[in-house]
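Here are my notes on the model, for you to check against the coordinates.

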Amino acid sequence: MASTRSPRIRQRFVLTGIMLVCLCSFIAWQIMKPRYLLSGVTNSCFNAEYIAPDTLLAVGNRKLYEFKGQNYSESTILYASETRLFSLGIHRDSPVKVIVGDLEGRIHFPETDLAPVKAIGGVVFACGIKTSWDSSECTIIAAGHDGVQDMGWGGNVRLIRYNGKTLELGKNYEFEWTPKSLCIARKSNTIIVGCASKEVIHIDLDTDMRKTIRVEGGVINCVLSHDENLLAVDEYESVTVRRVADLEEVIASIPIQKNEKRIHTCIRWHPTQPEVLMIAEAGVGIKLLNVFSQEIQLIKNPNITVPTTIWFSEHDHTFNLLQRDWRFMTMKLKNQNDH
């Protein structure tokens, strides 16, 4: 009798073990899988900015959202518009702290009673805020399509002055090609514009002097290092790094894997290691490029598809990523000392 029960008991133990393994695997998958900050009915997340520990601003369709709390689980609508919003600019030390550009050339001013202003003719692909010595004044900058020619052709960069009370349209720079990205220097009165036509243009706002360089591919995005000495440029099939003092010379370069439809990447400078550039690459993961040693570290994650923004959170030592479809992902290196 004992001999017939023994196999049955063992079989039950095996089945119970398999069930426990499956249950634990399911729980782990639920914890580790990418989480959606918002449901798909809100359409795409076009732009987002990490502004403080546990605080993220993101633009989606006609709304500007603020996400706070652990894993950015608490959402609030900061601003709603009748037109489609697209780009986002933030400067917390400015009298105007947040601006949003829309698809019809307007700049919106959340957290203020200022009415939207028509800045350029078409889509505001990038916008930003530049402060002056007087803390009550600042300059709003909008860059994008001119609204007249075919997309990719024709564009403007418009300056809007804010004197603490009112807004006034300032200089208007015209371009043959459409500006897609904008870098605003804080230590000098200059900006850098990346165009879809394989051009990066450095502009002195005091003299209006332009310095134009050609790059290999159309510029998806460009970002200034924290000390404003280096410029990283996403050129479709590669990411290059150049010195602002000599934009012609490439001092570091990393190839980007091709995608059948389009190459999706997102770049940002590491907040605590000034020589390290963070690159989120679709289907690959996060690459950490040390500009001077040329060393590359990889955090593999093939689930990255269309990254909108990437940031390194110092307080919990994690790399965080928000995608176009509102998926929020968190990654960490095995050895934190590598940071």
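Which residues does threonine 55 touch, not counting residues up to four places away in sequence?

1. Threonine 55 touches Glu49, Tyr50, Glu66, Phe67, Lys68 and Tyr72, with residues up to four places away in sequence left out. Contact here means heavy atoms within 4.5 Å.

2. Some ground rules. This is a predicted model: local features need pLDDT of at least 70, side-chain atom pairs count only at pLDDT 80 or more, and totals for chains, interfaces and linings use all residues. Residues are numbered from 1 along each chain as its sequence is written, and side-chain values use heavy atoms, with hydrogens and water left out.

3. Threonine 55 belongs to strand β3 (residues 55-60). Strands (E, at least two residues) are DSSP runs, numbered from the N terminus. The residue is buried, at a relative accessible area of 6%. Buried means under 20% relative accessible area, with exposed over 50% and partly exposed in between (1.4 Å probe, protein chains only).

4. The side chain of threonine 55 also makes a polar contact with the side chain of lysine 68, at 2.9 Å. The term covers a pair of N or O atoms within 3.5 Å; within protein, one must be able to donate a hydrogen and the other to accept it, and residues adjacent in sequence count only if both atoms are side-chain atoms.

5. Now the rings. The whole structure holds 11 aromatic pairs. Rings of Phe, Tyr and Trp (its six-membered ring) pair if their centres lie within 6.5 Å; planes under 30 degrees apart are stacked, over 60 edge-to-face, the rest tilted.

6. One of the pairs is phenylalanine 46 with phenylalanine 86: tilted, 5.2 Å centre to centre, 35° between the planes. Phenylalanine 46 is in strand β2 (residues 45-52) and phenylalanine 86 in strand β6 (residues 85-90), so the pair ties together parts 40 residues apart in sequence. Phenylalanine 46 is buried at 14%. Phenylalanine 86 is buried at 17%.

7. Tyrosine 72 and tryptophan 311 pair edge-to-face, because their planes lie at 85°, with ring centres 5.6 Å apart. Tyrosine 72 sits in the loop between β4 (63-68) and β5 (74-80), and tryptophan 311 in strand β26 (residues 307-313), 239 residues apart. Tyrosine 72 is buried at 4%; tryptophan 311 is buried at 1%. Ring pairs link Tyr50, Tyr72, Trp311 and Phe328 into a cluster.

8. Last, charges over rings (NZ of Lys or CZ of Arg within 6 Å of the ring centre and within 35 degrees of the ring normal). Lysine 180 lies over the face of phenylalanine 125, 5.0 Å from the ring centre. The charged end of arginine 210 sits over the ring of phenylalanine 175, 4.6 Å from its centre.

Notes: Helix = DSSP H or I, 4+ residues; strand = E, 2+ residues; numbered from the N terminus.
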